Amino acid sequence: MSLDLPTIWAGLLAFAVLAYVVLDGFDLGVGMLFALETAPEDRDVMVNSIAPVWDGNETWLVLGGGGMLAAFPLAYSIIMPAFYPAIIAMLLALVFRGVAFEFRFRATTPGGRRGWDWAFLVGSLVATICQGLVLGGLLQGVRVVGRAYAGGWWDWLTPFSLLCAVGLVLGYGLLGATWLVWRTEGVLQARCRRHAQWLGWAMLAAILVVSLWTPLLNPNFAARWFAWPGIALTSPVPILVAISGWGLWHGLRHGHQLTPFLWALAWFALGFAGLGISLWPLIVPPGITIYAAASPPESQGFVLVGALVLIPLQLVYTAIAYWIFRGKVRAGAGYH
Amino acid sequence: MAPDLTALLLARIQFAFTVGFHIVLPALSIGLASYLVVLEALWLARGGHVWLDLYRYWLKVFSVGFAMGVVSGLVLSYEFGTNWGVFADRAGPVVGPLMGYEVMTAFFLEAGFLGVMLFGMGRVPAWLHMLSTMLVGCGTLLSAFWILAANSWMQTPQGYRIAPDGRFLPVDWWAVIFNPSFPYRFTHMVLASYLSVAFLVGAVGAWHLLRRSAHPASRLMFSMALWMAAIVAPLQILAGDQHGLNTRQHQPAKIAALEGDFTTEPGTPLLLFGLPDMQEGRTRYAVAIPHLGALILTHSWNGTVQGLDEFPPADRPYAPVMFWSFRLMVGLGVLMAGLGLSSLWLRWRGTLYQARWLQWAMVAMAPSGFVAILAGWVTTEMGRQPWTVYGLLRTADSASPIAAPGVAASLIGFALVYAIVFGAGLLYLLRLVARPPAIGEPGPPAGVPVRSAGITPAPAVAAQIPAAEQPNTIKGREP
């Protein structure tokens, strides 16, 4: 059997997207929690807890875009125009949010600081909503004629995609809140624990609704989930979701520092696995598979050689960065 | 589907706008990163606080420019799909892997070591800090390598075959990367980045000399920048000449358009002034020097340069803009070389720091390198038109099926957001350089967060060490 490059690349790309979602997910969640935490010193602690790592986190998004162009150019050339307004809004929001990191510490007036705080909050929120809309829109399917998107501008804007957007806002919020439970202490930590509890219940509800709705979108998804042999793979997923939910609730109630964040990550990983089970081997539902969208073996192979060396290297950098910045972030620690 | 001409034009404007904002920032990063490597190496080799003060002074500028470069670059990596979907589909198998390598080699390297570079001094061993600065510098050059390989392939494609469905498939990666125009474009762009930063640094030095700054770093900036100008500007003119010869060989229509030559004749003249008129097919009000065009472009007195009349009207790039953007670039390049050579004369006379006119001239030239880069970029990219992959895929056939109102709305969004974001960034950069360098220049404020997945312990460690115990920033290397 020869190497199945499209499968390998689908795995790599899925890994990059998952890495992005969990890493930038808590970043964006912390940004959105600015809506609930308004005290300047708390906001400084929140930003300082993610500042050392956010840029590296976002690099995974660049890899997702670049990797898709390299390995599945057809999917890239259909998805981007299909979700045009959402993608553009996401990029603009990320621009705002990215420089707000830098500029909120440079602003010389309190008004300027508040302005960049606002940019940080709104940028994080808009970017998250857009990502949720794209996810939902992709699941419900994209109209393609020939090799191009053939739908309208707002095809992706449906109750289902809006639900996904709300779910992602809640999910990233939960990641952000549990991250802050891990990385902060005192009153801020206690409040984040409470945020995490209601966000956890809300996200569980969102997971349930999205999970029940998804099979209705496409009969193939339903067959995958409820018929043999797919069910062998799918039946453990709800059980694991329940276990993770219990772990999250238990950790939050019993003063655990790190476990709530890990259980929230487990929810995301399970949700992502669920998506993978539904979609495989589609990359642009309902019609385009990873094999149809793949660039030729000469292209996929060429990048794969580099990816196998360089992506593990990047993981090492990332791990070292998180290890170095471990520990609680304290108020005022950053400012002299 | 029939190309929507308004949407196509708007998509082109949008790409030009976002690339135009972006390209200045990598140029700043490339030039400054290398300058910082030199400063740190000199500091380690010679000691003394001046090098370190200068290093820290420019490090702050680098950090702000870098952050803006990251976010504006993120936009571009998705714009190929949003606005140029057909291009992405057809050319993706060739161009995509080059951009994938850019992310994996350059961006990850930069993200990994930027933190040490910004905050690690005094907390990691000197050699490790030097290494980090060098790796970030390498990252900026690698990024230029891959992205210019992709761009050059679009200008002078080779090493591909065309599949029955119209896609470009790679055949020989070595040929794809080292396509005919790549070595010239890469050299030209890297030298341009170095020159741009040299003139920025020189202007800041000159400004503080004019304001009677006592710190020796002001003199040092001024002097180093003029050495660069004296050496690199003439080299750049040579590189530009060679790039031009290469372009004449592979993209003759581009040369004809930027020279405003509509007719083909031996002993082609050089037009100093004129208004190219695409409708009439001639350059009005031309002021010409006979034979000089042939001499420059063919290096022979009676050489023939193809005019635009040799190309069907549908294949002609738009000369009226290119004619002037090219002259703006060349004019600035000649001015830079002139200032560099003047400085050699003044240096020899021993009056380099006394000549006020030179200081004012340097201040006036502060943005000259960046303006020249933009002018050159406009020239070469408009000169690629009407193709995205030269001679093979038309721009009109490359766009996504997005109608004009959608493209217009996103263009307005980009214009608004970039005006706010880059306006604030520019203001902040000007504030940084308006202040003269200080003895014991502080680094980026300790604990103000790193904007990168750096592997530096700086903020975390700094938070744990009481202020009194923190290492004195300029101790250590002082004699």
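Trainee: Which residues of the largest nonpolar core touch the most other members?
Mentor: This is a predicted model, mind you. Among the 253 residues of that core, the ones touching the most other members are A:Ala75 and B:Ala229. Helix 3 of chain B is the top contributor, giving 22 residues to this core.

Trainee: What does A:Ala75 touch?
Mentor: Leaving out residues up to four places away in sequence, A:Ala75 touches A:Met68, A:Ile283, A:Val284, A:Ile288 and A:Ala293.

Trainee: Back to helix 3 of chain B. How far apart are its end C-alpha atoms?
Mentor: They are only 41 Å apart, although helix 3 of chain B has 35 residues and a straight helix at 1.5 Å a residue would reach 51 Å. Look for a bend, too: there's one of about 90 degrees at B:Gly92, with a proline, B:Pro93, following within four residues.

Trainee: Is that helix buried or exposed?
Mentor: Buried: 35 of its 35 residues are, so helix 3 of chain B is largely enclosed by the rest of the structure.

Trainee: How should I read the contact between the chains?
Mentor: The general idea first: interface size is often quoted as the accessible area lost when the parts come together. Here, let's go by residues in contact: 61 of chain B with 66 of chain A. On the chain B side, helix 2, helix 3, strand 2, helix 13 and helix 14 each supply at least two residues. Helix 3 of chain B has the largest share, 19 residues. By class, that side of chain B holds 40 nonpolar, 19 polar and two charged residues.

Trainee: And a helix in chain A, say helix 8?
Mentor: In general, an α-helix has 3.6 residues a turn, so residues three or four places apart point the same way. Helix 8 of chain A, residues 186-217, has buried residues including A:Leu188, A:Cys192, A:His195, A:Ala196 and A:Leu199. What covers the buried residues of helix 8 includes helix 2, helix 6 and helix 7 of chain A. As for length, its 32 residues should span 46 Å at 1.5 Å a residue, and the end C-alpha atoms are 45 Å apart, which agrees.

Trainee: Last one: how many helices and strands are there in chain B?
Mentor: Chain B has 14 helices and eight strands. Its radius of gyration is 24 Å, close to the 23 Å from the globule rule for 479 residues, so chain B is as compact as a globular protein of that length. Buried residues make up 54% of chain B.

How values were computed: Residues numbered from 1 in each chain as written. Chains lettered and ligands numbered in written order. Predicted model: local features only at pLDDT ≥ 70, side-chain atom pairs only at ≥ 80, totals over all residues. Contact = placed C-beta atoms within 7 Å. Nonpolar A, V, L, I, M, F, W, Y, C, P; charged D, E, K, R; others polar. Expected span 1.5 Å × (residues − 1). Bend = angle between axes of the 7 residues up to and from the residue. Buried ≥ 20, exposed ≤ 12 C-beta atoms within 10 Å, placed from the backbone. Core = buried A, V, L, I, M, F, W, Y, C linked by C-beta atoms within 7 Å. Rg over C-alpha atoms; globule rule 2.2 N^0.38 Å.
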